[in-house]
Amino acid sequence: MTVPPFPVPPSQDPIRPDPGTSIRISVDETEYPGRAGQTIAGVMLAAGLLSWRYSSGSGAPRGAFCGIGVCFDCLATVNGQRDVRTCQRRAVDGDVVVTQHDPLPRPPRAPAPESAAESASEPAHRSAPEPPHPSGPDSPLREGGSGA
Amino acid sequence: MREILIIGAGPAGLAAARAARARGASVTLLDAADDVGGQYWRHLPASLSAGREDLLHHGWATFTALRSDLDDDPGCRIVRGAQVWAIERGETTGRPDAARPDAARPDAGNRDTGRPDAEPAEHDDRGGHVVHALAGPVDGTDRERITLTPDALVLATGAHDRTLPFPGWDLPGVFTPGAAQALAKGERVTVGERVAVAGAGPFLLPVAASLVQTGTTVVGVFEASRARTLAAGWLSRPWRLARAGKKGAELAGYAAGQLRHRIPYRTGTAVIRAHGTDAVTAVTVAKLDRDWRPIPGTERRIPVDAVCAGHGFTPRLELAVAAGCVLTGDSFVAVDDAQRTSEPGVYAAGEITGIGGVELAMAEGSIAGHHAAGGDTGTSPVRAARVARGVHRDIARRIEAAHGIRPGWSSWLDDDTVICRCEEVRHGPLRDTAAATASTSLRSLKLSTRAGLGICQGRMCGRTVDALLRQHAPHAHRNDNATFDHRPLAFPLRLAELADHPKDNDRKESA
Ligand SMILES: Cc1cc2nc3c(=O)[nH]c(=O)nc-3n(C[C@H](O)[C@H](O)[C@H](O)COP(=O)(O)OP(=O)(O)OC[C@H]3O[C@@H](n4cnc5c(N)ncnc54)[C@H](O)[C@@H]3O)c2cc1C
Ligand code: FES
């Protein structure tokens with residue numbers, strides 16, 4: 001499978017976009033191309049990345065959800081600053097993005113009810129994946145996506 | 001000169017700025033985004049310009065003219081990228097002699113009261129509110145601190161999507177329709193190749209249209225309301241709809257577009273589950289009964305790589321609540337005929353006073369800006385805006401009647417479904433805790449369940465948790481005034497930004 005055309009191919013875009021300026025940002029040390037003016041989340045989505053954070057409780061993967069700065073699902077560390085809403089921050093050439101995983105110690109009163117449900121026939125859509133090494137290049141890609 | 005501060009530069013805030021300038025007031029317009037336009041006219045940044053950007057928008061010429069008029073106007077200062085994080089109530093607020101509109105009536109906000117408004121006297125409605133903002137890169141450090149004490153304040157902070165939870169809605173690849181729209185209009189990125197658009201409301205149509213325009217295959221638009229409910233809501237008194245010229249044409253255009261692109265539009269149908277492990281790979285859709293309860297045996301699985309799900313909008317009320325404004329029974333900002341809130345000197349316009357689309361937002365903005373600047377009722381531009389407001393409030397009522405959330409949706413939840421995304425509070429534990437505790441207040445229910453206590457401050461789940469608690473803990477008396485809309489800090493801040501060097505980057509001004 002090829003990387004899906006997440007950015008609209010400019011040659012096919014009826015709005016006739018100007019070429020713009022190419023930029024590159026790195027996400028966990030992998031470089032991704034983008035265009036000046038895109039948001040960091042936009043660059044990542046366009047590269048086929050769908051999630052870049054693991055939830056603190058169950059370690060479920062998270063990416064962008066609301067796209068307008070209100071859900072805080074899309075947080076990442078940008079140039080050393082934690083908790084930046086990547087759907088709102090414009091990407092700047094050379095930005096260094098590091099994904100954030102902040103596992104919480106499980107509160108004793110939460111014996112995850114999912115363990116029972118998980119073994120059922122339904123696909124284990126929340127089978128907490130192993131959180132990757134904080135700076136590993138192995139953030140989950142959209143199926144078949146090759147990243148950069 | 002009277003100094004007006006407008007927060008939010010969407011259709012409502014822009015119209016308010018123009019109206020206040022027409023009355024000769026000095027205007028400051030703040031928006032957290034790095035350009036004006038709000039959600040409706042979210043557009044490409046200058047560095048991604050395009051020859052035919054107008055193809056992505058309705059009323060694009062209206063918008064660009066409005067923006068350049070305001071940009072060129074020395075009496076209007078636009079501060080882009082300015083996040084308002086707090087409003088303090090002034091000393092003069094709450095004084096008994098201040099003009100208290102009938103907005104305090106719990107249901108005043110969504111209704112045209114028909115009451116001829118009293119002319120606000122030039123300066124006696126000054127509320128003395130202090131507004132704090134930070135301008136600079138989003139969530140950055142070293143942003144510029146701005147403190148403003150305007151003569152009058154117009155709140156136009158809009159709304160965000162409301163998504164009802166369903167199993168799998170927390171998987172990557174599930175987005176709000178607004179996210180798809182923002183990415184498509186703002187940077188020409190699409191959320192997937194095969195996308196299901198689901199939820200309720202006319203907003204699903206422009207989202208499907210935008211996705212198609214970005215080359216995406218929309219496998220279907222799944223509208224939860226049933227055809228008969230839609231017909232009753234939209235087609236009763238059709239002559240009123242005909243008066244709503246542009247909006248009617250816009251919606252009709254989308255319907256035609258859907259046909260042309262052969263996007264199935266299924267009514268009485270919902271996405272009740274998203275499947276996948278690390279990302280969504282399929283959805284289950286099912287037929288719903290009139291209360292939105294899935295009908296057993298009608299489930300169908302459709303492969304997709306993204307879902308856009310939204311069931312309406314939630315107003316962004318935190319600043320209005322901080323300013324002391326009274327809310328309506330259905331949790332919008334209560335306003336009177338002049339768009340005045342219950343707080344002296346504070347006006348509200350657009351989606352925070354009721355969900356009704358761009359024309360209603362602009363009509364309300366014009367009225368709010370005019371009165372905030374000391375204008376009276378008889379002036380002709382306001383008269384036209386008042387007529388438009390009446391027509392479009394009527395549409396808003398139809399939208400609610402046709403697409404409003406029905407209680408049966410909660411039957412598509414599993415015990416395991418995440419309700420609060422931040423704290424990962426699941427439906428089963430939430431229900432059991434609510435039922436088991438003798439909680440007597442929303443505050444203690446929040447503390448014992450942890451729902452709504454995460455970093456988004458209950459924006460995503462607040463309304464849902466409220467609805468579920470009502471359902472599962474009807475015995476609980478809500479004897480505090482806690483609401484999910486109360487957020488003393490509108491946005492999380494870095495402590496360093498508050499504590500350090502107030503002199504260096506503090507800009508204190510009167511407006
Ligand atoms: C993501 C999204 C996309 C939408 N797209 C469409 C569409 O394509 N077609 C359609 O018919 N309707 C759309 N809508 C519905 C839309 O909300 C209304 O039609 C219209 O934009 C409402 O205008 P408004 O001025 O009330 O609010 P908005 O347009 O939402 O403007 C509010 C503004 O306030 C700003 N703001 C909020 N809080 C703060 C703060 N604390 N500090 C500083 N600034 C702040 C926001 O940045 C925003 O620019 C969309 C809604 C959303 C949420
Ligand atoms: S996607 Fe919701 S805050 Fe960025």
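Predicted model: local features only at pLDDT ≥ 70, side-chain atom pairs only at ≥ 80, totals over all residues.
Strands of a sheet pair through backbone hydrogen bonds, either parallel or antiparallel. One open sheet of chain B consists of 5 strands with parallel pairing, arranged in the order 3-2-1-7-18. Strand 3 (76–79) and strand 18 (346–348) of chain B each have a single partner strand, so these two stand at the edges and one side of each is left without a neighbour in the sheet. From one strand to the next, the twist averages 20 degrees. Within this sheet, strand 1 (residues 3–7) of chain B pairs with strand 7 (residues 152–155) of chain B in the parallel sense, over 4 bridges. In this pairing, Val154(B) of strand 7 has Ile6(B) opposite. Helix 9 (residues 358–372) of chain B packs on the sheet and touches strand 1, strand 7 and strand 18 of chain B. The direction of helix 9 of chain B makes about 165 degrees with that of strand 18 of chain B.

A second open sheet of chain B contains 3 strands in the order 13-14-15, and its pairing is antiparallel. Here the edges are formed by strand 13 (269–276) and strand 15 (300–303) of chain B; each has a single partner strand, so one side of each lacks a neighbour in the sheet. Neighbouring strands of this sheet are turned by 30 degrees against each other on average, direction ignored. Strand 14 (residues 280–287) of chain B is joined to strand 15 of chain B by 4 bridges in the antiparallel sense. Val283(B) stands opposite Ile302(B), which belongs to strand 15 of chain B.

Two helices of chain B also pack together. Helix 1 (residues 11–22) and helix 2 (residues 60–72) of chain B meet at an angle of about 50 degrees, and their axes are 11 Å apart. The two helices of chain B, helix 1 and helix 2, are therefore oblique to each other, and their crossing is left-handed. On the side of helix 1 of chain B, the contact involves Leu14(B), Ala17(B) and Arg18(B); these meet Phe63(B), Leu66(B) and Leu70(B) in helix 2 of chain B. By class, this contact has 5 nonpolar, no polar and 1 charged residues.

Over all chains, a search of the whole structure finds 6 aromatic pairs. One of them is formed by Trp41(B) and Phe63(B), which are stacked, with 5.3 Å centre to centre and 25 degrees between the planes. This pair links distant parts of the chain, 22 residues apart: Trp41(B) lies in the loop between strand 2 (26–30) and helix 2 of chain B, whereas Phe63(B) lies in helix 2 of chain B.

Technical notes: Residues numbered from 1 in each chain as written. Chains lettered and ligands numbered in written order. Heavy atoms only, no water. Pairing = 2+ DSSP bridges. Axes fitted to C-alpha atoms, helices over the stretch in contact; angles between N-to-C directions. Contact = heavy atoms within 4.5 Å. Parallel < 35°, antiparallel > 145°, perpendicular 65-115°, else oblique. Left-handed = near helix turned anticlockwise from the far one by under 90°. Nonpolar A, V, L, I, M, F, W, Y, C, P; charged D, E, K, R; others polar. Phe/Tyr/Trp six-rings, centres within 6.5 Å; stacked < 30°, edge-to-face > 60°.
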